[in-house]
Amino acid sequence: MIIVDKLKEGFNIMVRPDSATQKKRKIGEALLFYYKVSIVPLILYIIFALVVPPTSTDLLTGPVSSSKLVLWGLLFIWIEIPISLFVASLLYHLFGKLFKIFHSPYSNTFTATVYGIVPYILFYWLSPLPLGVLLLIIFEIWSLVITVVALAYQQKTSTSKVVGIMIAAGIIIFIILVLTGVEAAILSSS
């Protein structure tokens, strides 16, 4: 079964990132891989969102209903994360090219970013549980490690250079957000 094979590959990426993240994929293939890996965790998430009493609240409406949790999960996994994968890999790629560290095409950077999100997606179904969000933090950290390893393999560079690129991208984006936030605050007060 195709989905089972992709789940096995996803767990292999999680356990052996040094060898399992070397496969190159085109952008469409990497995105299709992401969607196939996300099917079973999304189904588990929907089940838990419907069965476990909601613990989160919305500022406007109060306690969040199970149906709203399901909708949020669907939008998050199948729309928001893929968009963020494109944006994050674009930023990594731009900074990697700017500092002359990345030499492979954007598709390699996107593939590495998809590989990096796999542990988080595989265990996203834990989020409706009371301690699920805390457990997801561990998988998010592991996702960051896998992203570094995958980027190093896909771009044929060292992990320390990839960490430098990711830190530089993060700092510059933070500065841009702060400056645009300050500028927006000045403009709105005038």
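In what follows, a residue is called buried under 20% relative accessible area, exposed over 50%, and partly exposed in between, using a 1.4 Å probe and protein chains only. Colleagues, this is a predicted model, in which local features need pLDDT of at least 70, side-chain atom pairs count only at pLDDT 80 or more, and totals for chains, interfaces and linings use all residues. Residues are numbered from 1 along each chain as its sequence is written, and side-chain values use heavy atoms, with hydrogens and water left out.

I begin with two loop residues. K100 is exposed, at a relative accessible area of 65%. It lies in the loop that runs between α4 (66-98) and α5 (106-122); helices here are DSSP runs of H or I, at least four residues, numbered from the N terminus. The phi of K100 is positive, near 55°, and this residue is not a glycine.

K156 sits in the loop between α6 (132-154) and α7 (159-189). Its phi is about 55°, positive although K156 is not a glycine. K156 is exposed, with a relative accessible area of 60%.

I turn now to helix packing. Helix α1 (residues 2-15) packs with α5 at an angle of about 110°, and their axes are 9 Å apart. Axes are lines fitted to C-alpha atoms, for helices over the stretch in contact, and angles run from 0 to 180 degrees between N-to-C directions. The two helices are therefore roughly perpendicular, a term covering 65 to 115 degrees.

From α1, the contact (heavy atoms within 4.5 Å) is made by L7, G10, F11, I13 and M14, and from α5 by Y115, V118, P119 and L122.

Key: Parallel < 35°, antiparallel > 145°, perpendicular 65-115°, else oblique.
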